[in-house]
Amino acid sequence: MALRSAQGDGPTSSRWDGGAEKTDFNAKRKKKVAEIYQALNSDPTDVAALRRMAISEGGLLTDEIRRKVWPKLLNVNASDPSPISGENLRQMSKDYQQVLLDVRRSLRRFPPGMPDKQREGLQEELIDIILLILERNPQLHYYQGYHDIVVTFLLVVGERLATSLVEKLSTHHLRDFMDPTMDNTKHILNYLMPIIDRVNPELHDFMQSAEVGTIFALSWLITWFGHVLSDFRHVVRLYDFFLACHPLMPIYFAAVIVLHREQEVLDCDCDMASVHHLLSQIPQDLPYETLISRAGDLFVQFPPSELAREAVAQQQAERTAASTFKDFELASAQQRPDMVLRQRFRGLLRSEDRTKDVLTKPRTNRFVKLAVMGLTVALGAAALAVVKSALEWAPKFQLQLFP
């Protein structure tokens with residue numbers, strides 16, 4: 001049986017929690033719930049509409065709805081969840097000891113006040129889910145932080161369905177984090193600075209001068225922010241968004257967090273230690289709905305295909321401090337992540353372009369471009385584009401929808 005989040009099955013965003021008149025709030029919520037169930041009950045299920053609902057303000061609203069919609073977003077048959085067996089996996093698995101240590105350290109991921117016996121039972125289920133997925137998919141490699149994603153699904157949908165959902169997620173959205181090395185994860189992180197540069201060249205250049213690199217966003221990316229956010233409502237709201245979108249959307253969300261904190265960063269001393277310390281301490285009171293909308297806008301304005309050349313150039317040049325920063329060395333010794341667009345766009349690069357300094361490209365007037373685009377995910381235009389990109393990215397068999 002799935003466990004409700006500590007805050008219950010109520011709405012998951014501050015903008016849904018207050019601000020408008022109570023009657024208006026209730027009317028909006030009731031209308032959205034009706035639209036979600038209409039999409040669920042369509043024949044076939046209207047997955048595109050469900051994606052728009054997951055992206056738009058408030059997300060999927062309740063854990064009860066998530067239990068119905070998340071499987072549709074991942075094309076998993078919720079009526080036939082994976083069996084939980086693997087009685088001898090703990091003895092056979094090479095990852096058991098590391099998984100055990102990580103799960104024991106996961107106390108803060110469970111609702112406060114949960115009885116110890118109940119939490120301990122869920123931790124045992126968490127271990128079983130992880131080991132079973134790894135046993136069934138030997139091409140996948142465990143990384144520290146994976147358990148933060150698995151526990152979110154466990155708390156929302158329960159053990160059996162969580163196993164099916166996370167297994168699908170691990171072979172698609174998370175696949176690049178589960179390689180034997182971190183090469184592909186570092187490649188995904190290299191999309192961060194080009195996004196920031198397109199929107200705020202001054203902030204980008206300041207961070208480049210500070211040589212802060214992108215390692216501060218590593219735990220954000222590989223846990224879908226589950227490890228760094230203390231409020232479970234905000235975690236599941238982001239999971240609604242990421243499940244409905246292209247697998248690179250978490251790096252766009254990381255970028256908008258940095259952009260949101262522009263003045264704090266620019267007020268820092270321009271050195272690696274100061275800027276890294278500031279950015280690695282993620283605020284807990286972020287305007288999540290605004291940032292989600294902005295991330296969707298930036299994805300539409302600056303799609304991954306447009307940024308791929310710069311991401312590879314940055315990787316080739318190794319201009320950031322990631323290769324030498326002590327924290328990165330510690331992280332890379334313990335993490336084992338993956339590859340979303342690396343091979344797809346490698347063919348776009350000529351060998352002489354790969355070492356070109358990313359700072360030599362002409363600047364775009366971001367204010368003109370943003371004004372011309374005039375997009376907002378919550379109102380629909382960018383949501384449709386984001387949904388379309390997610391459906392285009394999905395493997396063909398993912399488009400075979402369950403009724």
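Biologist: Buried means under 20% relative accessible area. So is glycine 59 buried or exposed?

Modeller: Glycine 59 is buried, because its relative accessible area is 0%, under the 20% cut-off. Keep in mind that this is a predicted model.

Biologist: Where is glycine 59 found?

Modeller: In the loop between α3 (47-55) and α4.

Biologist: And what does glycine 59 touch?

Modeller: Leaving out residues up to four places away in sequence, glycine 59 touches Lys32, Met53, Ala54, Arg237 and Asp240. Glycine 59 and tyrosine 239 are 180 residues apart in sequence, yet their C-alpha atoms are 9.1 Å apart in space.

Biologist: New topic. How many salt bridges does the structure hold?

Modeller: It holds 18 salt bridges. Side chains of opposite charge can pair when their charged atoms come close.

Biologist: Which residue forms a salt bridge with glutamate 35?

Modeller: Lysine 31 does, and the closest N and O atoms are 2.6 Å apart. Both residues lie in helix α2 (residues 22-41). They are four residues apart, about one turn of the helix.

Biologist: Is lysine 31 buried or exposed?

Modeller: Lysine 31 is exposed, at 53% relative accessible area. Glutamate 35 is partly exposed, at 30%.

Biologist: Which residue does arginine 66 meet in a salt bridge?

Modeller: Aspartate 63, at 2.9 Å from N to O. Both are in helix α4 (residues 63-73), three residues apart. Arginine 66 is buried, with a relative accessible area of 1%. Aspartate 63 is buried as well, at 2%.

Biologist: Which residues are linked with Asp63 in a network of salt bridges?

Modeller: Arg66 and Asp240 are in that network with Asp63.

Biologist: Which residue forms a salt bridge with aspartate 128?

Modeller: Arginine 90, with the closest N and O atoms 3.0 Å apart. Aspartate 128 lies in helix α7 (residues 116-136), while arginine 90 lies in helix α5 (residues 89-92), so this pair ties together parts that are 38 residues apart in sequence. Aspartate 128 is partly exposed, at 25% relative accessibility. Arginine 90 is partly exposed too, at 21%.

Biologist: Let's switch to helices. At what angle do α4 and α14 pack?

Modeller: About 30°, with their axes 10 Å apart. That angle is under 35 degrees, so α4 counts as roughly parallel to α14. Their crossing is left-handed.

Biologist: Which residues make the contact?

Modeller: From α4, Arg66, Trp70 and Leu73. From α14, Val236, Arg237, Tyr239, Asp240 and Leu243.

Biologist: Now α8. How many of its residues are buried?

Modeller: Twelve of its twelve residues are buried, and α8 is mostly covered. Among them are Tyr146, His147, Asp148 and Phe153.

Biologist: What covers the buried residues of α8?

Modeller: The cover includes α4, α6 (96-104), α7, α9 (159-170), α13 (218-222) and α14 (232-243).

Biologist: At what angle do the axes of α8 and α14 cross?

Modeller: At roughly 100°, coming within 11 Å. That falls in the range of 65 to 115 degrees, so α8 and α14 are roughly perpendicular to each other. Asp148, Ile149, Thr152, Phe153, Leu155 and Val156 in α8 meet Phe232, Val235, Val236, Tyr239 and Leu243 in α14.

Biologist: What span should α8 have?

Modeller: Twelve residues at 1.5 Å a residue should span 16 Å. The end C-alpha atoms of α8 are 17 Å apart, which agrees. Just after α8, glycine 158 takes a positive phi of about 90°.

Biologist: Last one. Is the peptide bond from aspartate 43 to proline 44 cis or trans?

Modeller: That bond is cis, with omega near 0°. Proline 44 is in the loop between α2 and α3.

Terms used:
Residues numbered from 1 in each chain as written. Predicted model: local features only at pLDDT ≥ 70, side-chain atom pairs only at ≥ 80, totals over all residues. Heavy atoms only, no water. Salt bridge = Lys/Arg side-chain N within 4 Å of Asp/Glu carboxyl O. Helix = DSSP H or I, 4+ residues; strand = E, 2+ residues; numbered from the N terminus. Buried < 20%, exposed > 50% of the residue type's maximum accessible area, 1.4 Å probe, protein only. Expected span 1.5 Å × (residues − 1). Contact = heavy atoms within 4.5 Å. Axes fitted to C-alpha atoms, helices over the stretch in contact; angles between N-to-C directions. Parallel < 35°, antiparallel > 145°, perpendicular 65-115°, else oblique. Left-handed = near helix turned anticlockwise from the far one by under 90°.
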